[in-house]
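Thanks for passing this one along. Here are my notes, meant to be read with the model open beside them.

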Amino acid sequence: MARLPYVNADEASEPVAEALRAMPAKVGIVQLIAHAETCLRPFLRLGQAILTAQQLDPALRELAILRTAQLSGAEYEAVQHERIALQVGVTAEQVEAVRAGRIDGPEFTELQRSVLALTTEVVAGDVDDDTFDAVSLPPRETMELILAIGFYLMLGRVMNAVQVDLEPAAEVEVAQLRR
C-alpha cells in the first residue's frame, strides 16, 4: 500500500487538477508526485520529452528503462514500460531477458548490449571508458540515453520510497504520448 494518499484531480488545486486531467491515462505514480505541486509539471514535461521528442531509438530507450527498473527493483516501472517496449519494437524475448538480468545474450544486437552495459554502469554510478566508448551513438543520442537512465532511476527510487501500488500497465498507445 502506498505510503501517501493518491491525489485525486477532483480534490486538487487547479494547476494539479489540470495536469492530472491532461494525462492520457490514470497513472498512480503521477498521482503521488502530484503532492509536490511545483515539481509536477516540470516532471511531466521532462518525462514527455524523453518519451516523445528524443532522437534516440525508442527501442534502445525502452531497453535502458527496463534495465534501470530491473536493477533498481522498481517493479511498477517495469510493468508500465514492458508494454511500451513491445510497442516500439523490443521483442518479448528481449523483455524477458532484461527482466531476468541477462543482458549479453544472442537476442540483443551489439549496440543493444552496449546500451544495456552502459545502463548497468550508470545505475551503479561508475561508468568505465570502454563501456562508454562501446555505445556507438551520436553525442546527442548518447546524452539522451544517459538522461533517460537518470530520469527513470530517480523515478524508480521515488516509486520504491513511496511504495506505489502495482497496477496493470496503462492502456496508452505510443501515439498518445506524442501530444
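The points below go from the overall fold to the cores.

1. A word on the basis: this is a predicted model, where local features need pLDDT of at least 70, side-chain atom pairs count only at pLDDT 80 or more, and totals for chains, interfaces and linings use all residues. Residues are numbered from 1 along each chain as its sequence is written, and side-chain values use heavy atoms, with hydrogens and water left out.

2. The protein has 10 helices and 0 strands; helices are DSSP runs of H or I, at least four residues, strands are E runs of at least two, and both are numbered from the N terminus.

3. On size, the C-alpha trace spans about 50 × 30 × 30 Å along its principal axes. Of the 179 residues, 48% count as buried (under 20% relative accessible area, 1.4 Å probe, protein chains only).

4. Please look at the largest nonpolar core, which has 30 residues, with Ile-29, Val-30, Leu-40 and Leu-155 making the most contacts inside it. Such a core is a set of buried Ala, Val, Leu, Ile, Met, Phe, Trp, Tyr and Cys residues joined through side-chain atoms within 4.5 Å. Its largest share, 6 residues, comes from α9.

Definitions and conventions:
Buried means under 20% relative accessible area, exposed over 50%, partly exposed in between (1.4 Å probe, protein chains only).
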